[in-house]
Amino acid sequence: MTDHRTPAQETSEHDVIAVGCGPFNLGLAALASTVDGLDLVVLEARQELRWHSGLMFDDALLQVSFLADLVSLVEPTHPLSFLAYLRDNDRLYPFYIRERFHPTRREYEDYLRWAASRLPSVRFSHRVESVRWRESDGRFEVRVVRGDGARLLMLAKDVVVGVGTEPSVPRSLANLPGDRLMHTSEYLHRQSDVDKAGHVTVVGSGQSGAEVALDLLRRNLAGGGGMSWLTRTPTFAPLDYTKLVLEMTTPAYVRYFHELPERTRDELVAEQWRHYKAISAETLEELHDLLYRRELTHGLADVELRCATAIQDSAVDSAGRAVLTCLHRDTGRTFTHTTDLVVAATGYRQRRPVFLQPVEPLLRRDDSGRYRVRLDHSVELDHAVTGRIFVANADLHSHGPAAPDLGIGAVRNATILNAVTGREAYRLPKRTAFTSFAAPGDLA
């Protein structure tokens with residue numbers, strides 16, 4: 001007789017379950033690892049940690065200092081700091097002699113992998129299916145499928161959602177077939193498509209678009225195909241990394257920003273795009289140097305840079321080439337642009353955590369449908385829920401331009417850990433900016 005009974009589920013209980021293992025939740029696990037009595041696990045659906053692999057150019061630098069690692073801006077003596085990683089790999093002196101305190105992106109990913117390998121709380125190949133609130137015992141019920149097919153039931157007092165973002169492609173490019181369109185996140189994975197294209201057009205002018213344009217320019221100088229770079233912004237704008245402007249990525253500005261009215265916050269975020277969406281000055285300099293070198297070489301395929309250009313529509317012509325309908329924003333003129341391949345440097349959007357669907361009625365949202373996020377990064381929930389759901393890097397609208405910055409990660413995570421433990425597990429920095437952001441007499 002065949003036994004059709006469902007195998008017993010493996011059940012466990014924890015203080016905190018964090019979903020997603022990018023740099024922010026990995027940093028949460030790192031800081032939690034030295035908090036006595038705290039049981040925290042991080043669940044990641046993928047088999048291993050991968051970070052922006054489609055843009056992992058060998059020479060691409062991190063846009064922040066090594067101090068913006070998983071732990072140092074809260075606890076610089078932590079055993080999982082970037083300096084500890086360098087020491088463990090016997091690279092402290094080479095890094096010191098190098099005198100460039102911005103690591104390469106490849107080195108930073110290696111550091112993240114090193115940290116993850118030392119954290120038994122991080123569990124790869126664990127896909128979260130659903131999160132439910134159990135009012136009966138005041139716990140979140142997290143149902144998980146492990147890589148080997150086993151189904152797990154995990155309970156926790158609090159949950160941290162750090163599932164990150166996903167590539168965003170605008171509707172104006174939606175009519176292009178897959179062989180004529182890619183997102184920058186795919187660029188290094190689709191080099192054969194780039195090799196075959198006689199002309200490649202980059203749409204969008206953030207850092208990722210600039211790095212792709214840089215690679216295409218190098219190919220062009222080596223005798224490769226033509227390249228166009230189109231952006232709707234008035235110019236190919238540099239990141240505003242001047243010192244006092246950088247103070248807007250500090251905890252002091254986060255506290256001030258959070259207290260502002262929702263409409264004011266939205267207006268400020270729209271104005272502050274150059275703090276996190278623009279191009280590093282070093283990349284712009286290198287681009288200009290390559291463009292200048294082209295002047296000394298004849299017979300190269302055409303290269304075009306055009307700003308103030310918005311893509312209105314897209315299609316494929318009879319020859320199978322991509323045709324973009326463009327609007328020149330300064331003059332109002334429309335024109336068509338034909339190319340073999342479009343690379344969309346059009347950014348990312350918040351990934352929708354489908355596993356939260358069972359608790360969706362309990363989540364409070366603002367007038368624009370976004371989570372109402374408290375200063376401690378917890379989402380406002382129905383009053384009947386005694387547990388908390390925290391978010392990592394899903395709080396640009398509530399916490400300002402620091403939200404996606406690696407430099408705020410350790411402080412955000414320390415804030416979350418202080419909240420879940422009910423004590424000062426980590427001392428938070430209090431004086432982080434010379435600028436006074438609030439009006440005289442206000443607390444922020």
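**Notes on helix packing and aromatic pairs**

1. Helices α1 and α12 are oblique to each other, the word for angles that are neither under 35 degrees (roughly parallel), over 145 (roughly antiparallel) nor 65 to 115 (roughly perpendicular). This is a predicted model, in which local features need pLDDT of at least 70 and side-chain atom pairs count only at pLDDT 80 or more, while totals for chains, interfaces and linings use all residues. Residues are numbered from 1 along each chain as its sequence is written, and side-chain values use heavy atoms, with hydrogens and water left out.

2. Here are the details of that first pair. Helices (H or I, at least four residues) and strands (E, at least two) are DSSP runs, numbered from the N terminus. Axes are lines fitted to C-alpha atoms, for helices over the stretch in contact, with angles from 0 to 180 degrees between N-to-C directions. The axes of α1 (residues 23–32) and α12 (residues 409–421) come within 9 Å and cross at roughly 55 degrees. This crossing of α1 and α12 is right-handed (the near helix is turned clockwise from the far one by less than a right angle). On the α1 side, Phe24, Gly27, Leu28, Leu31 and Ala32 make the contact, and they meet Gly409, Ala410, Arg412, Asn413, Ala414, Ile416 and Leu417 of α12 (contact means heavy atoms within 4.5 Å). Sorted by class, this contact of α1 with α12 has eight nonpolar, three polar and one charged residues; Ala, Val, Leu, Ile, Met, Phe, Trp, Tyr, Cys and Pro count as nonpolar, Asp, Glu, Lys and Arg as charged, and the others, Gly among them, as polar.

3. How many residues of α1 are buried? Ten of its ten, which makes α1 mostly covered. Buried means under 20% relative accessible area, exposed over 50%, and partly exposed in between (1.4 Å probe, protein chains only). The buried residues of α1 pack against β1 (10–19), β2 (40–43), α4 (105–117), β3 (122–123), β6 (151–161) and α12.

4. Tyr253, Phe257 and His258 of α8 touch Arg265, Leu268 and Val269 of α9. That contact has four nonpolar, one polar and one charged residues.

5. Now for the rings. The structure holds 20 aromatic pairs; rings of Phe, Tyr and Trp (its six-membered ring) pair if their centres lie within 6.5 Å, and planes under 30 degrees apart count as stacked, over 60 as edge-to-face and the rest as tilted. Phe66 and Phe95 form one that is edge-to-face, 5.5 Å centre to centre with 85 degrees between the planes. Phe66 lies in the loop between β2 and α2 (82–88) and Phe95 in helix α3 (residues 92–98), so this pair ties together parts that are 29 residues apart in sequence. With 11% relative accessibility Phe66 counts as buried, and with 6% Phe95 does too. Ring pairs link Trp51, Phe66, Phe82, Tyr85, Phe95, Phe101, Tyr108, Tyr111 and Trp114 into a cluster.

6. Two backbone spots deserve a look. Most residues other than glycine have a negative phi. Glu99, in the loop between α3 and α4, has a positive phi of about 55 degrees although it is not a glycine. At 67% relative accessibility, Glu99 counts as exposed. Ser125, in the loop between β3 and β4 (126–134), also has a positive phi of about 55 degrees.
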